[in-house]
Amino acid sequence: MNDPILPTDIITDQKLADAFHAGDKSAFDTLVSRHRDRVFNLCQRLLGVRADTNDCSLETFVRARRQLRGFKSESTMLVWLYHIAVGLCMRRMSSDDYRKRASADPADAPRPQEGEAAAGGNPVAPVPDDGEQDEKENIVQRVIGSFEGEQKVLVVLRDLEGLSYEEIARVTGISLQRVSSQLAEARGLILDKMKELV
Amino acid sequence: MKCIECTRTLSAFVDERLSPAERSAMEDHFRSCPRCAKELAMLKVFLREARMLRRVEAPEYFMRNLHRRLDRSSELGTAVRAAAEWAGRLFSLRNAAIVLVLVTAVIVFNPFNQYLLRRLEGRFHLPKQYIGNVCRKMGVLPKEGGGTQPEARSIIPRGFTAATAEVMRRPASALVTDKRVPLVLHPSRRWKKAAPARLADEIGRIIRGNGGKVLEQPGPQSLLVEIPPQQFILIINELNELGILEKPLPRTPGGKKSFKIPINVQ
């Protein structure tokens with residue numbers, strides 16, 4: 001008698017990766033469903049431009065599928081996906097075309113309603129109903145939007161995604177010491193910016 | 001603890017990456033310093049709000065778009081793999097070795113190459129006494145005073161550069177221009193730096209004074225000129241005296257044996 005099929009949330013990412021290698025193409029779809037929102041969210045936080053977010057998050061999964069054999073169970077699938085996504089976003093952030101788009105459509109610009117974003121309009125999250133909450137979110141968005149490059153990646157990974165220093169080092173490929181020093185510097189800038197805005 | 005130390009370790013404090021002793025020192029400081037305590041509170045507010053920031057979800061069409069992109073990339077991958085397999089079959093190691101031998105043989109023994117090499121020999125790093133020889137070989141001087149110098153042949157590989165390759169593409173008839181040798185002169189750094197504005201004028205004056213003419217100025221650091229072959233050494237010597245050329249011509253026959261003047265035959 002066959003083993004009962006496990007619910008998908010109990011099957012580990014590693015098992016899904018193994019199943020994909022064994023020829024089960026739907027295993028990859030399960031992996032995508034599991035992680036797409038986190039990856040999409042990360043790309044959106046880093047890039048802030050809807051078209052680039054779409055492109056980079058899709059490309060992340062295309063590469064992940066191609067390199068799935070390189071995935072090792074000692075790091076979590078999400079960290080591995082973040083590693084790919086951050087590499088793509090960093091490259092995108094350094095391109096002139098992106099800069100033009102981003103300056104025309106800054107992350108801290110007023111955001112459209114939820115329906116508009118889903119239909120492919122530009123940024124970001126749905127506008128909250130609560131005015132005070134809206135203002136707080138707006139401040140956070142503007143503070144994060146003021147960062148660039150590596151520091152922005154570190155702030156997003158640590159303060160928004162809640163990754164540990166070790167995970168950040170694995171995602172970005174930079175040393176723990178640098179993660180620590182860059183975050184300390186970024187926090188100083190956050191305080192300065194908060195003092196301006198609040 | 002001083003405020004400056006507190007500011008430096010504030011980030012590690014909120015991330016709980018301090019030792020118990022350091023943490024305790026920080027807490028003591030916060031109790032006694034309202035300014036640092038305010039900064040800590042402000043940072044904590046930011047971090048709390050940042051963690052609570054609503055997540056952006058992937059759109060519904062994400063999976064459809066991903067499948068479309070995967071299909072495209074797998075089609076491309078299949079084409080590349082097929083091409084690689086085809087190339088692999090065609091170019092096995094043995095076949096590749098045979099092709100390599102054949103190509104080398106064609107390059108080495110091609111009579112056309114031999115002809116061109118003979119035409120071009122001695123174009124670079126020529127000893128002073130072979131300048132006339134170069135002109136003779138290019139047909140701009142009458143063929144008198146003996147044939148090719150053996151030393152000129154021996155230095156061909158050193159001068160076989162991109163510039164030479166450019167000349168190789170020209171028909172042999174183009175190597176002769178009304179018994180005049182067009183040159184591209186590369187001025188010395190000192191001149192480029194000290195008198196860039198006067199450079200072209202000065203060279204032009206010397207060239208014209210010796211019966212030549214300036215054809216054009218392809219760039220700020222080079223000048224295409226045309227000079228009578230018999231005046232060649234004279235002009236070079238005059239340019240040397242001003243220190244215009246990058247590598248001066250040796251003044252005594254027994255001195256330095258070679259110098260470099262790129263000759264650009266148009």
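1. How many residue pairs are in polar contact across the interface of chain A and chain B? The rule finds 15, both residues at pLDDT 80 or more. A polar contact is a pair of N or O atoms within 3.5 Å; within protein, one must be able to donate a hydrogen and the other to accept it, and residues adjacent in sequence count only if both atoms are side-chain atoms.

2. This is a predicted model: local features need pLDDT of at least 70, side-chain atom pairs count only at pLDDT 80 or more, and totals for chains, interfaces and linings use all residues. Residues are numbered from 1 along each chain as its sequence is written, chains are lettered from A in the order in which they are written, and side-chain values use heavy atoms, without hydrogens and water.

3. Seven salt bridges link chain A and chain B (a side-chain nitrogen of Lys or Arg within 4 Å of a carboxyl oxygen of Asp or Glu). D55(A) and R69(B) form one, at 2.5 Å, N to O.

4. On chain A, 48 residues are in contact with 31 residues of chain B (heavy atoms within 4.5 Å). The buried area is about 3900 Å², 61% of it from carbon and sulfur atoms (accessible area, 1.4 Å probe, that two parts lose on being put together, summed over both). L58(A), R187(A) and L191(A) supply 16% of the area that chain A buries against chain B.

5. Now α8(A). Of its 12 residues, 10 are buried, so the helix is largely enclosed by the rest of the structure (buried: under 20% relative accessible area, 1.4 Å probe, protein chains only). Among them are K152(A), R158(A) and D159(A).

Key: Buried means under 20% relative accessible area, exposed over 50%, partly exposed in between (1.4 Å probe, protein chains only). Helices (H or I, at least four residues) and strands (E, at least two) are DSSP runs, numbered from the N terminus.
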